Amino acid sequence: MKNRVVITGIGVVSPIGLDSQSTWEGLVAGRSGVDQISCFDPEGYRTTIAAEVLGFDAAQHVGRKEARRMDRFVQLGAVAALEAVDHADLSINADNSTRVSVMISSGIGGIITLSEQVKVLENRGPSRISPFLVPMMLPDMASGQVSIMLGAKGPNYSTVSACSSGADAIGQALEVLQEGDADVVLAGGAEAAICPIGVAGFNACQALSTRNNDPAAASRPFDAERDGFVMGEGAGVLVMETLENAIDRGATPIVELVGYGSTADANHITQPAPEGEGAARAMKIAIKKAGLQPDEIGYVNAHGTSTPLNDKYETMAMKGVFEEGAYSVPISSTKSMTGHLLGASGALEAAITSLAIAKQTIPPTINLRNADPECDLNYTPNVALQGRIDAALSNSFGFGGHNASLAFQRYED
């Protein structure tokens, strides 16, 4: 018998809130976090909008010296992890440190630090490069820094699977806990790629929305007038633990994580497989591993990027999984409000899915005004809904053909 795994703490830093509570309130209110880019001057770029985390000061949480030695993605991940640990009322000490793992992923890593140091190299020469360049840019450094900060000595690594990274980290954590290789895992993702080269790069592959004159309406998943995704930044971290460990220390489970499906499209570096074949397989695997039937899924947090192909093929994938029931299952893409957090998106959305079950509330897909005939499911347009959710899926798909789906269930003794 594999261990049951529960979530006991949630930490979030997002474009619509600096913690999980404010983020959830923003989601339910249908508030967009998208605006004109403020962290650099985007004049001359095809896209001048993004979903930034405003008012964030990592030094208040980790200290000014340590914050200066962290890339922004690491700062975001560290602060989310601290909230999650506090929420779980988790104490890491000599008695349990070797049984506490950290798996916080990033799809891109420290691209802000790297791009800044390339300028230093070009303008001032190699002797002026920061000695912290490498340990600030590596994608595993959110996981490594949180492990050091908290004294967690269990398995520690970062999965990198583009926009599936955060979801894959949580899925890997589930399997580590099920097999008994750790008692607790801090799992999730962190990303901060809103910088000149990040925006220019995604513009070059024609992935971003150019609805610059209407930022709040730019991210519009499943809408007929969608024209690309909006870059976001932030982090989501979950405290996951075996049910036995949670009960032993008197923790209160928020939700149970019951399934993880991971597949590859083997099709194209940026385009999803036709008809969402790989995505459908990932969802089916997650549901099967969870011991559920498709008709027991009461909510799907869709990948829903607001790109023409993703939304069309994800819709087809859900029809393949749920068949006629696809028209009745509530679905939403919270990227309509948060933007696309790239490697952290699956982690943020896993946190959102957990809260949706805990609060029995389905967050909306905002900006869904013009129906696309090829996207004809129930995407919870514009207004949050109260509804019974006993089980839910969270989908994440990434460049390179990566697909991940996580299955959650309402916790019962």
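Which helix and strands each supply at least two residues of the lining of the largest pocket? They are α12 (308–322), β12 (391–398) and β13 (402–409), where helices (H or I, at least four residues) and strands (E, at least two) are DSSP runs numbered from the N terminus. The model is predicted: local features need pLDDT of at least 70 and side-chain atom pairs count only at pLDDT 80 or more, while totals for chains, interfaces and linings use all residues. Residues are numbered from 1 along each chain as its sequence is written, and side-chain values use heavy atoms, with hydrogens and water left out.

View 1. The largest pocket holds about 550 Å³ of space. A pocket is, on a 1 Å grid over the protein atoms alone, an open set of points where a 1.4 Å probe fits, with protein on both sides within 12 Å along at least five of seven lines; lining residues have an atom within 4 Å of a point. Grid points are joined across faces, edges and corners, and the volume is the space filled by probe spheres set on the points. The lining has 34 residues, and those closest to the centre are Thr 270, Gln 271, Pro 272, Thr 307 and Phe 399. Helix α12 gives the largest share of the lining, 5 residues. By class, the lining divides into 15 nonpolar, 16 polar and 3 charged residues. Here Ala, Val, Leu, Ile, Met, Phe, Trp, Tyr, Cys and Pro count as nonpolar, Asp, Glu, Lys and Arg as charged, and the others, Gly among them, as polar.

View 2. Aromatic pair of Phe 202 and Phe 399. Rings of Phe, Tyr and Trp (its six-membered ring) pair if their centres lie within 6.5 Å; planes under 30 degrees apart count as stacked, over 60 as edge-to-face and the rest as tilted. By this rule there are 4 aromatic pairs. The ring centres of Phe 202 and Phe 399 are 6.3 Å apart and the planes stand at 55°, so this pair is tilted. Phe 202 belongs to helix α9 (residues 196–204) and Phe 399 to the loop between β12 and β13, so that the pair links distant parts of the chain, 197 residues apart. Phe 202 is buried, at 13% relative accessible area, and Phe 399 is partly exposed, at 31%; buried means under 20%, exposed over 50% and partly exposed in between (1.4 Å probe, protein chains only). Stacked rings of Phe 222 and Tyr 379. Phe 222 and Tyr 379 form a stacked aromatic pair, with 4.0 Å from centre to centre and 5° between the planes. Phe 222 is in the loop between α9 and β6 (234–242), and Tyr 379 is in the loop between β10 (361–362) and β11 (385–386), so the pair ties together parts 157 residues apart in sequence. Phe 222 is buried at 1% relative accessibility, and Tyr 379 is buried at 2%.

**View 3. Contact of helices α8 and α14.** Two packed helices are described by the angle between their axes and the distance between the axes. The axes of α8 (residues 165–178) and α14 (residues 345–359) come within 5 Å and cross at roughly 60°. Axes are lines fitted to C-alpha atoms, for helices over the stretch in contact, and angles run from 0 to 180 degrees between N-to-C directions. Gly 166, Ala 167 and Ile 170 of α8 make the contact with Gly 346, Ala 347 and Ala 350 of α14, contact meaning heavy atoms within 4.5 Å. These residues comprise 4 nonpolar, 2 polar and no charged.

**View 4. Surroundings of helix α7.** Helix α7 (residues 141–150) is mostly covered, with 8 of its 10 residues buried. The buried residues are Met 141, Ala 142, Ser 143, Gly 144, Gln 145, Val 146, Ser 147 and Leu 150. They pack against α4 (72–88), β4 (100–105), α6 (133–137) and β5 (184–191).

View 5. Most residues other than glycine have a negative phi. Asp 89 has a positive phi, near 55°, and is found in the loop between α4 and β4. The phi of Leu 342 is also positive and near 55°; Leu 342 is placed in the loop between α13 (335–338) and α14. Asp 89 is exposed, with a relative accessible area of 66%, whereas Leu 342 is buried at 2%.

**View 6. Neighbours of Glu 225.** Glu 225 sits in the loop between α9 and β6 and is partly exposed at 42% relative accessibility. Not counting residues up to four places away in sequence, Glu 225 touches Arg 211, Arg 220 and Asn 370. Glu 225 and Arg 369 are 144 residues apart in sequence, with 8.8 Å between their C-alpha atoms.
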